[in-house]
Amino acid sequence: MSPSYLAVQLAPFFLQGTQGKLFCLFVPPKDEQAEVLVFLPSFGEELNRCRVMVAMQARMLAELGVGCLLLDYYGTGDSEGDFGETRWEQWRQDAETACAWLSRQGYQHIGLWGLRLGAILAAEMAEENPSRYTRLLLWQPVLEGKVLLNQFFRIRLAMLMDRGGGRETTRQMREQLQQGQNLEVAGYEINPQLALAIDSKSLMDIGRLPETLKVDWFEALMDGQTEPGMASQKVLSKWRQLGSPVAVHPFTGVAFWQLYERGLAPDLLDKTTAIFR
């Protein structure tokens, strides 16, 4: 017998954003007093690789009465616009548009669910508007935007080598962007404004989060690990020193955000569901 959550319907619709229509999937909470999460996706192909996991989690939470709005930023996924047009500030505006729409529907308890790079955006929003959100749910957060951008650049390096093209370094790619030129990587044309913004982002730069905000940090354990790595521990230590009661939830499973084939991490789904029981 199939799990009951598979019968939960995620309703597709387009939300009017500041630049164009934003594609969303929505499952409402059980009532206006229940919690609803706005999902902020990752960057590039990670968005597509994570869709199945994210949709499964949204359905599982819906069975507990928790609503979810899954957002595609402008220029990404099924939203209007081209990837080369999108900016970090545009993503921020899109996320705020989604939250404002939920408020207009009468939902009062809105949380942010950020995956990978989306975790940085979620944390920024929670820091700058501390009274608005009830929860910060972080899945495998990117600690430094620069590291993620380097991984993205390496895809271009590998493609150039496969084609027998000239060698290029990540430094040269950054110089090209700093000169105002777009950079194409695996079909994604990234503009300088977005790249330089991502390059500057860090969870270490997040200041004080409100004590009333529930913060749940989910991170995959590597072989032999019993807790998140040292870089994550530095961020967690700083946040706790500033008064944020972060709950850390290590999980085991495949790095589904990196896999070309569909990958699932049931332990992550189960542990995320458990915090809402």
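These legends describe close-up views of charged residues in a predicted model.

**View 1. Glu46 and Arg116 form a salt bridge.** The N to O distance is 3.2 Å. Glu46 belongs to helix α1 (residues 45–49), while Arg116 sits in the loop between β5 (109–115) and α4 (117–128). The two are 70 residues apart, and the pair links distant parts of the chain. Glu46 is buried, at 8% relative accessibility. Arg116 is buried as well, with a relative accessible area of 9%.

**View 2. Arg156 pairs with Glu168 in a salt bridge.** Their closest N and O atoms are 2.9 Å apart. Arg156 lies in helix α5 and Glu168 in the loop between α5 (145–162) and α6 (170–178), so the contact ties together parts 12 residues apart in sequence. Arg156 counts as buried at 16% relative accessibility. Glu168 is also buried, at 18%.

View 3. Arg171 is exposed, with 63% relative accessibility. Glu175 is partly exposed, at 34%.

**View 4. Salt bridges with shared partners build one network.** Its members are Arg92, Glu96, Glu124, Glu128 and Lys201. The structure holds 13 salt bridges.

**View 5. A patch of negative charge lies on the surface.** Asp82, Glu85, Glu184 and Glu189 gather here. Glu189 is placed in strand β8 (residues 188–190). With a relative accessible area of 41%, Glu189 is partly exposed.

Key: Residues are numbered from 1 along each chain as its sequence is written. This is a predicted model: local features need pLDDT of at least 70, side-chain atom pairs count only at pLDDT 80 or more; totals for chains, interfaces and linings use all residues. Side-chain values use heavy atoms; hydrogens and water are left out. Patches are made of residues with over 30% relative accessible area and no salt bridge: like charges are joined within 9 Å, nonpolar side chains (Val, Leu, Ile, Met, Phe, Trp, Tyr) within 5 Å. Accessible areas come from the Shrake-Rupley method with a 1.4 Å probe; for residues, only the protein chains shown count as cover. A salt bridge is a side-chain nitrogen of Lys or Arg within 4 Å of a carboxyl oxygen of Asp or Glu. Lys and Arg count as positive and Asp and Glu as negative; His and the chain ends are not counted. The place of a charge is taken as NZ of Lys, CZ of Arg, CG of Asp or CD of Glu. Helices (H or I, at least four residues) and strands (E, at least two) are DSSP runs, numbered from the N terminus. Buried means under 20% relative accessible area, exposed over 50%, partly exposed in between (1.4 Å probe, protein chains only).
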